[in-house]
Amino acid sequence: MEDPTVKKYIVKLTEEERTELGRVAAGKNGKQNIAAWKVLRAKVLLKCDQGQRGPKWTDERLAAAFDVSTRCLEKWRQRAVEEGPLATLERKPRLTPPVPAMLDGDGEAQLTKLACSVPPKGRSRWTLRLLAEHLVELEVVGSISHETVRQVLKKAS
């Protein structure tokens, strides 16, 4: 059984890393404020530094002082060890969009062409719902909502 007091990821900061984290922990970059979440992470990393000049705070002490969970501290330490301490001050980029786009470039072009064309007989103008119905009829997409049509047209304008 693994001892819970033994840390798997131990942060040991170099002098340059300590200086950079101290600058971020100050909360100002010239006259510009630094995001609060970055300031918090910088302060935590400075206190959990297990190097020669580090204060070597325990997770329990850090959690109480900064009002964060010990699990959160473990994840920050792991990222600091694996990617470098300054990586914890950057958000992870999203790998894929949350929902794939309904219309690709060709589909958007067909929608724009349709919206700029003469409306169907008996209509004075195109409505969003009418555009959505025609995109399905033209087999550009299997199904699409009028709200998606609105967002695509808004983005295009």
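Helix H5, residues 105-116, has twelve residues and reaches 17 Å from its first C-alpha to its last. This is close to the 16 Å expected at 1.5 Å a residue, where the expected span is 1.5 Å times one less than the number of residues. Helices here are DSSP runs of H or I with at least four residues, numbered from the N terminus. The model is a predicted one, in which local features need pLDDT of at least 70 and side-chain atom pairs count only at pLDDT 80 or more, while totals for chains, interfaces and linings use all residues. Residues are numbered from 1 along each chain as its sequence is written, and side-chain values use heavy atoms, with hydrogens and water left out.

Within H5, Gly107, Leu111 and Leu114 are buried. A residue is called buried under 20% relative accessible area, exposed over 50%, and partly exposed in between, using a 1.4 Å probe and protein chains only. Seen down the axis of H5, the buried residues fall within an arc of 65°, so they line one face of the helix; the arc is that of the directions from the helix axis to the C-beta atoms. The other side of H5 carries the exposed residues Gly105, Asp106, Lys113 and Cys116. For Cys116, the relative accessible area is 66%. The cover over the buried residues of H5 includes helix H6 (128-137) and helix H7 (146-156). Helix H7 also holds Lys155, which is exposed at 58% relative accessibility. The C-alpha atoms of Lys155 and Thr19 are separated by 43 Å, and these residues lie 136 residues apart along the chain.

Two packed helices are described by the angle between their axes and the distance between the axes. H2 and H4 pack at an angle of about 80°, with their axes 11 Å apart. H2 is therefore roughly perpendicular to H4, a description given to angles from 65 to 115 degrees; under 35 degrees counts as roughly parallel, over 145 as roughly antiparallel, and the rest as oblique. The axes are lines fitted to C-alpha atoms, for helices over the stretch in contact, and the angles run from 0 to 180 degrees between N-to-C directions. Leu40, Arg41, Val44 and Leu45 in H2 meet Leu73, Trp76, Arg79 and Ala80 in H4, contact being heavy atoms within 4.5 Å.

In H3, the buried residues are Asp59, Leu62, Ala63 and Phe66. Viewed down the axis of H3, these buried residues fall within an arc of 100°, so they line one face of the helix. They pack against H2 and H4, whereas Glu60 and Ala64 are exposed on the other side of H3.

Most residues other than glycine have a negative phi. Lys56, in the loop between helix H2 (36-47) and helix H3 (59-66), has a positive phi near 60°. Lys56 is partly exposed, at 41% relative accessibility. Just after H3, Asp67 takes a positive phi of about 55°. Asp67 lies in the loop between H3 and helix H4 (70-83) and is exposed, with 69% relative accessibility.

Finally, the cysteines may be considered. A search of the whole structure finds zero disulfides, a disulfide being a pair of cysteine sulfur atoms within 2.5 Å. For Cys72, the nearest cysteine sulfur is that of Cys48, 12 Å away. Cys72 is partly exposed, with a relative accessible area of 21%.

Notes:
Helices (H or I, at least four residues) and strands (E, at least two) are DSSP runs, numbered from the N terminus.
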